[in-house]
Amino acid sequence: MDITRFIVNQRDKALLVGDYGSYRKLLSRRLRVVRKKLKYSTKGRKYTAPIPVTAEDIASNHEFVHLILLTAERAWALAMHMKSTYATDSSAQGTTGSTKQHIVSKLQKASTYAARLVNLLHGKDQSVASTESILEARAYQQSLQGAINFEKKHWEDCLQSYAETRLLYTALAQSVGTKQDDVFKDLLASTIDPSMRYAAYQLKLSRTVSIETIVARYLQRADNAYVAKVLKSNPNLMQEHGDTAKKSATGEFTDVPKTITWRSRTVDLEDATTAQALASVSAAEGKLASFLMANPDLDRRAKAAAFDDVLIPSQDAVDAVKTAMDELTAEGVAQGDPRMQSLQITRTAVNYNLVEWRVGRNRVLCGEQDGATFENESGKKPKKPRADGKPPVEQDESTGRKLTRLKDRVVLYDSTLQSLDSVKEFPGVAADQAFVSEIEAKKAYFSSLR
């Protein structure tokens, strides 16, 4: 049924060209089409109660699932539209009590429809719903319940609902494979995790507490068939290793650093997301070193491609630090605050680490001795054998091909010089004259090669 993908696609298409108000109008038009198609339309009559969807309806046509989802999404879109309108209106005095009640009412309506869908899909003797579809519907319903508690400022209840949502989406992402888990990961990163972080902040939880630990602490396991089903199929999903361990991309647990050192300064890593991102970078660096050592005869393009496995988590670490700084700024923390100062040092360290790996990748692509020597490459071999039966003669590399390789090498040098220039803009670098001199020496080296 692809419940989650259906919802995400509907939101992305509408919000790409409009706001939540446009999304609600789009849902109303889509609902009319679906109702007419399913012969559930009541147009032209006096108001009558909506005809309830039954399990038999869903078993005969999965469009009835879309009918319920579109109805729930329309209520959610109206709630988000009202919330965003008051958030951006500078003349308004914040969200009033009646407006807050209206928002909660619409979210409650959406949650009611989602819960009704869960109950219909759970009747597997009458409905043809897979286990994944039932878990997706439950995760959707719990995300709406979490949004209700978020608006009511019931922070513990909010974390309990979002903890179950995150567990279910994490299990679903693992079950569908790496090629189809982007929908679940994007939903967690854009909606669930930020909401959980804010609720944890309101409960005075430390920033060093990871999302996984929050889920383990607030997940309601008693009398919850959905959580029990997930943990039965994947018992290691909720294995808690405290705040000093996490799972790497390979499924192994790696130590999460508590401090980071830049030049002569060492600061504590107070943000759990940043610490976990740095642990992923460290694990990726170890894998790359082992890969290059085990494959010394690889050509430079294959070696450079392996650097992507380090560049991607390094960029994630940079983004994590920026997000942590933005959150502190939004809370009104001054730039002179020790927490902000620590993040500034961390930002410089992770950004320079990213630059180092980018420059290293460029050096590998340039060839031996950073491209100081220009070695000839063998030309193309003839595809067809010679008529006289003699072995084919390799052709010399053409002048045009040599010029193309030289141009590519110049582009790599320019990219390296641009990366080194960006280092001077990092916090605290301009005041470190010894480090600036070191950067200038590296620039002079690559400029001479260019």
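The residues that line the largest cavity divide into four nonpolar, three polar and five charged. Here Ala, Val, Leu, Ile, Met, Phe, Trp, Tyr, Cys and Pro count as nonpolar, Asp, Glu, Lys and Arg as charged, and the others, Gly among them, as polar. Bear in mind that this is a predicted model, where local features need pLDDT of at least 70, side-chain atom pairs count only at pLDDT 80 or more, and totals for chains, interfaces and linings use all residues. Residues are numbered from 1 along each chain as its sequence is written, and side-chain values use heavy atoms, with hydrogens and water left out.

**The cavity**

- A search of the whole structure turns up one cavity of 30 Å³ or more; on a 1 Å grid over the protein atoms alone, a cavity is a set of points where a 1.4 Å probe fits but cannot get out, and lining residues have an atom within 4 Å of a point.
- The volume of the largest cavity comes to about 140 Å³, a volume being the space filled by probe spheres set on grid points that are joined across faces, edges and corners.
- Its lining includes R207, D268, E270, T274, R339 and S342.
- Helix 13 (308–330) and helix 14 (338–366) each supply at least two residues of that lining, and helix 14 gives the most, with four residues.
- Helices (H or I, at least four residues) and strands (E, at least two) are DSSP runs, numbered from the N terminus.

**A closer look at S342**

- S342 sits in helix 14 and is one of the residues that line the largest cavity.
- S342 counts as buried because its relative accessibility is 17%; buried means under 20% relative accessible area, exposed over 50%, and partly exposed in between (1.4 Å probe, protein chains only).
- Leaving aside residues up to four places away in sequence, S342 touches V267 and D268, where contact means heavy atoms within 4.5 Å.

**The second largest pocket**

- The second largest pocket has a volume of about 760 Å³; a pocket is an open set with protein on both sides within 12 Å along at least five of seven lines.
- Of the 27 residues that line this pocket, R11, Y20, W76, S190 and T191 are the closest to its centre.
- Two or more lining residues come from each of helix 1 (3–17), helix 4 (63–88), helix 6 (131–152), helix 7 (155–176) and helix 8 (182–202).
- Helix 8 provides the largest share of the lining, seven residues.
- Sorted by class, this lining has 16 nonpolar, six polar and five charged residues.

**A strand hairpin**

- Strand 3 (residues 259–262) and strand 4 (residues 265–268) run antiparallel and are joined by four bridges; two strands pair if DSSP finds at least two bridges between them.
- T261 stands opposite T266 in strand 4.
- The two strands form a hairpin with two residues between them, and R263 in the turn has a positive phi of about 55°.

**Two lysines in loops**

- K153, in the loop between helix 6 and helix 7, has a positive phi near 65° and is exposed, with a relative accessible area of 57%.
- K204 also has a positive phi near 65°; K204 is found in the loop between helix 8 and helix 9 (211–218) and is exposed at 72% relative accessible area.

**The chain overall**

- The chain has 16 helices and four strands.
- Of its 450 residues, 42% count as buried.
- Among contacts between residues at least 6 apart in sequence, 67% join residues at least 24 apart.
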